[in-house]
Amino acid sequence: MKPSRTLGLSSRVRRAAAWATLFWAVTPFVSGQTSPTVEGLSAEVRALRQTVESLQQRVSELEAQLAAVSRAPAAGPVAPAAPTPSARTKLVEEEDPSLFERLLDGMQREDPPSSRLWIDPAKWAQLKKGMTTDEVLAILGEPMFDEPSLNRRIDQVWTYRARNTETRERVIGKVKFENGRIVAIEEPTWP
Amino acid sequence: MNNKLNAFVVLGALGGTLANAEIPLTDDLSLAGYIDMSAVSWDAPDGYDGFDASVAEVEVDFNFTTDVVSAVAEISFDGYNANWETVTVTYAASDELSISAGNMLSYLGWEAYDATGLYQFSYAYRGFSPLYPAYAAGASIDYVTDQFSFGVWVGEGGQEEVSYEVAFKFTGVEGFTFFAAFADDPGYETVNLWASYEVEGFTFALEYVGTDWGNGENTTGYLAMVNYATGNFGITFRYSHEDDDWEAEDWELFTISPSYTFTDHLLGLLEFSSVLNGEESFGGDYQIAAELIFTY
């Protein structure tokens with residue numbers, strides 16, 4: 001008999017063989033038969049031994065397959081459940097994340113600290129008409145949008161916006177400039 | 001309050017600031033544009049009063065910007081034809097110096113070409129048309145500082161010949177701008193001078209345009225404009241004059257145009273223009289217009 005690689009499996013096989021032996025030994029008494037001859041008992045023992053050997057061989061084969069799957073891919077072929085993707089397909093998948101993955105990445109992306117400076121009413125309270133764009137940058141940070149206006153007295157509109165993750169409400173603040181100086185401030189409505 | 005303030009997700013333009021753009025497509029590419037609609041009523045010489053209401057123009061602008069290279073592609077659709085306007089690729093050699101190539105607007109003219117840049121509905125000169133060229137393909141070099149800017153353009157001038165323009169702008173005094181340009185086109189030359197001054201809500205502008213047609217005939221045009229804007233309300237007064245040597249009459253136009261900015265992206269204006277002189281050669285005493293412009 002081949003030595004078992006896994007003691008647990010081997011012990012289970014031994015227990016199974018023992019119960020089988022006990023069953024066959026008890027069965028004649030349960031069934032009401034008379035005591036078998038020695039020759040009959042020997043035949044039964046031989047049959048049990050063959051059963052145990054075949055079970056142990058099967059266990060060994062299964063252990064060998066398990067060990068082969070656990071080894072590195074270069075070690076040899078494995079029987080996968082699905083076809084292995086080609087190298088080209090795998091390369092494309094690595095370089096081209098799905099739409100869901102891109103959305104998930106965008107949602108999990110950390111906002112840079114400088115983009116959150118303006119989320120503070122105290123910062124907006126520091127703004128005064130006549131301040132320059134540099135002064136506003138130092139207080140509120142970079143705006144989300146820097147756009148022109150159809151109003152003749154406004155050259156630039158800086159927009160800051162965020163969404164409250166609890167209430168889903170959008171918060172928008174705007175600073176408007178003429179000739180590089182603040183002419184209007186639209187402070188966000190804070191929750 | 002602090003805990004609630006921490007519960008914000010910044011809605012950013014893909015992590016960067018977009019200048020002059022409304023709709024970010026990628027980190028470097030954005031889309032903008034405007035919709036211009038109007039209703040116009042005019043008096044015709046034969047006694048038939050004309051009226052037209054239409055979506056005058058839909059413009060879509062694609063803007064691509066990196067650190068040193070930028071590109072612009074503007075498409076204008078008037079309901080019948082789609083035309084390229086500004087289509088350029090620009091290389092910023094430094095903060096002041098840039099080189100551009102493509103289809104670009106002439107340096108000349110106080111009045112803007114697009115409706116979003118005009119203080120009123122109409123152009124100033126005969127037939128309510130500008131006296132300066134519009135778009136042409138070519139290349140330009142521009143040097144821009146806070147005090148002045150200088151540009152040279154060379155390109156296609158029509159009739160299979162080359163044209164060039166040279167322009168200078170002075171902005172060294174707060175609120176005051178002086179502009180001078182010369183354009184050499186096949187068969188004619190144009191000189192354009194204009195100055196503007198902004199103070200206390202007022203914008204004053206004066207312009208002179210002179211074209212030598214090379215055959216002894218000239219066209220001279222000039223305008224004077226005052227715009228006053230306070231809050232969302234504005235009003236423009238404009239007097240313009242055009243003298244063409246081959247026309248029997250000079251053209252004189254007086255325009256009043258109140259406007260109201262509903263939001264930074266929505267403007268409405270009215271215009272009443274009276275042809276003071278030249279109605280016989282042009283046809284018509286007046287033009288009344290209502291215009292709505294939306295930018296995106």
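**Entry 1: salt bridges**

I looked up B:Asp244 and B:Arg126 first, and both are buried (under 20% relative accessible area, with exposed over 50% and partly exposed in between, 1.4 Å probe, protein chains only). This is a predicted model, where local features need pLDDT of at least 70, side-chain atom pairs count only at pLDDT 80 or more, and totals for chains, interfaces and linings use all residues. Residues are numbered from 1 along each chain as its sequence is written, chains are lettered from A and ligands numbered from 1 in the order written, and side-chain values use heavy atoms, without hydrogens and water.

B:Asp244 and B:Arg126 form a salt bridge, with the closest N and O atoms 3.1 Å apart (a side-chain nitrogen of Lys or Arg within 4 Å of a carboxyl oxygen of Asp or Glu). I searched the whole structure and found 6 salt bridges over all chains.

Next I checked B:Asp264 and A:Lys176. Their side chains meet in a salt bridge at 2.8 Å, N to O. Both residues are buried. A:Lys176, A:Glu186 and B:Asp264 are linked in a network of salt bridges.

**Entry 2: rings**

I found 17 aromatic pairs over all chains (rings of Phe, Tyr and Trp, its six-membered ring, with centres within 6.5 Å; planes under 30 degrees apart are stacked, over 60 edge-to-face, the rest tilted). The rings of A:Trp124 and A:Tyr160 have centres 5.8 Å apart and planes at 85 degrees, so this pair is edge-to-face. Both A:Trp124 and A:Tyr160 are buried. For B:Trp110 and B:Tyr119, the centres are 6.0 Å apart and the planes at 15 degrees, so I noted a stacked pair.
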